[in-house]
Amino acid sequence: MKKILRSLLVVIVMAGLFTACQSYDDISLMLGADVGEAEVIVNQDTYGHFRENGKRYMEFVFADDTFENTIKEDNTWHPLPVVEEGLTALLYGLETESETYGPYLFQDLPQIENGYYFFYDHHPESRNPFDSSHVLERGELHITAAVYDADVHTLYYGEMDA
């Protein structure tokens, strides 16, 4: 009986440890660089239980420039500033003569001059998932974007399905 109780206690403790430890492997895989050593300072998630429509927004602060050194060598990350209008609308908002768009992913993303950005379009109609030029032409958004501020070692990360 003691062995059964001890085994049960070990299982309960292990389950608690696994649920207490938050892993961001999915984000690291998407971005091509490890975010596991960073401090998470903002974590907002409005997705449903089955990854229905919603948003995920996170901010990570890194202790050094290891993340930056990794993304510099990755051709899916691009130096700032963002020049594509569709991506500008998603990240910062965009006002034209006839329309106002966004911002869709980030509420108050600071204007970052020294850093990098990443974009991935998950939409089934996307011909090139790293191209944001046609993203505002669709009625649905299924995107991931990130902006890294090299001056303060901060990563702003967002996902949206709507």
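A residue is called buried when its relative accessible area is under 20%, exposed when that area is over 50%, and partly exposed in between, with a 1.4 Å probe and protein chains only. The model is a predicted one, in which local features need pLDDT of at least 70 and side-chain atom pairs count only at pLDDT 80 or more, whereas totals for chains, interfaces and linings use all residues. Residues are numbered from 1 along each chain as its sequence is written, and side-chain values use heavy atoms, with hydrogens and water left out.

**Sheet layout**

- Helices (H or I, at least four residues) and strands (E, at least two) are DSSP runs numbered from the N terminus, and two strands count as paired if DSSP finds at least two bridges between them.
- Six strands make up an open sheet with antiparallel pairing, in the order 1-2-8-7-6-3.
- Strand 1 (39–45) and strand 3 (77–79) are the edge strands, each pairing on one side only.
- On average, neighbouring strands of this sheet are turned by 15° against each other, direction ignored, where the axes are lines fitted to C-alpha atoms and angles run from 0 to 180 degrees between N-to-C directions.

**Pairing around strand 8**

- Strand 8 covers residues 154–161, and eight of its eight residues are buried.
- Strand 2 is joined to strand 8 by eight bridges in an antiparallel arrangement, with Glu 59 standing opposite Tyr 156 in strand 8.
- Strand 7 (residues 142–149) is likewise antiparallel to strand 8 and joined to it by eight bridges, and Tyr 148 has Leu 155 as its bridge partner there.
- Four residues lie between strand 7 and strand 8 in their hairpin, and His 153 in the turn has a positive phi of about 50°.

**Strand 1 and strand 2**

- Six bridges link strand 1 to strand 2 (residues 54–61), and the two run antiparallel; Glu 39 stands opposite Val 61 in strand 2.

**Nonpolar cores**

- A nonpolar core is a set of buried Ala, Val, Leu, Ile, Met, Phe, Trp, Tyr and Cys residues joined through side-chain atoms within 4.5 Å.
- The largest such core has 20 residues, and Leu 91 and Leu 109 have the most contacts inside it; helix 4 (85–91), strand 6 (115–121), strand 7 and strand 8 are the elements that give two or more residues to this core.
- A second, separate core of 19 residues includes Tyr 24, Ala 38, Met 58 and Tyr 148.
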